[in-house]
Amino acid sequence: HEPVVESGGGLVQAGDSLRLSCTRSGRTFGDYAVGWFRQAPGKEREFVAVIEGIGGSTDYADSVKDRFSVSRLNAKNTVNLQMNNLKVEDTAVYYCALQRTTFRAPNLRLRRPANYDYWGQGTQVTVSS
């Protein structure tokens, strides 16, 4: 399968912003839903946000709603996750994943990591107080 690559992580202070990008080498995202997940040390991987492949609707975890925004740039094979007003508890490795599905957001199927077909290697986001 083509690799999915995340970029844009780093070390920031609480209240700062970061933009993560997810790219798919040599291919567009097509009709794949693109999800963002994160995993902090000692915790399970959790859903952050998703943008569906068909209509572009989005869904967010309650913990990031109104602070994070996901968007697709199909012509650039890129999905961005804009993260504003970052908090210490946002510290985690962030993953981008693809799911071939016709389900529309919001849908619980789009929130479950096990339903995703392809995963990137992750990018570290560290927020200091």
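Two strands count as paired if DSSP finds at least two bridges between them, and strands themselves are DSSP runs of E with at least two residues, numbered from the N terminus. On that basis, Glu6 has Cys22 in E3 as its bridge partner. The model is predicted: local features need pLDDT of at least 70, side-chain atom pairs count only at pLDDT 80 or more, and totals for chains, interfaces and linings use all residues. Residues are numbered from 1 along each chain as its sequence is written, and side-chain values use heavy atoms, with hydrogens and water left out.

**Sheet**
- Four strands form an open sheet in the order E1-E3-E8-E7, with antiparallel pairing.
- E1 (4-7) and E7 (68-73) each have a single partner strand and stand at the edges, so one side of each lacks a neighbour in the sheet.
- From one strand to the next the twist averages 15°, with axes taken as lines fitted to C-alpha atoms and angles running from 0 to 180 degrees between N-to-C directions.
- E1 and E3 are antiparallel and share four bridges.
- E3 (residues 18-24) and E8 (residues 78-83) also run antiparallel, joined by six bridges; here Cys22 has Val79 in E8 as its bridge partner.

- Buried means under 20% relative accessible area, exposed over 50%, and partly exposed in between, for a 1.4 Å probe and protein chains only.

**Disulfide**
- One disulfide is found in a search of the whole structure, the criterion being a pair of cysteine sulfur atoms within 2.5 Å.
- The disulfide links Cys22 and Cys96, with an S to S distance of 1.9 Å.
- Because Cys22 lies in E3 and Cys96 in E9 (residues 92-100), the pair ties together parts 74 residues apart in sequence.
- The torsion about the S-S bond is about -65°, so the disulfide is left-handed.
- Cys22 is buried at 0% relative accessibility, and Cys96 is buried with a relative accessible area of 0%.

**Arg72**
- Arg72 lies in strand E7.
- Arg72 is buried but has no salt bridge, and the nearest side chain of opposite charge, Asp31, is 6.8 Å away.
- A salt bridge requires a side-chain nitrogen of Lys or Arg within 4 Å of a carboxyl oxygen of Asp or Glu.
- The Arg72 side chain reaches the backbone oxygen of Tyr32 at 3.1 Å.
- A polar atom of the Arg72 side chain also lies 3.1 Å from the backbone oxygen of Glu52.

Terms used: Lys, Arg positive; Asp, Glu negative; His and termini not counted. Polar contact = N/O pair within 3.5 Å; in protein donor to acceptor, adjacent residues only side chain to side chain.
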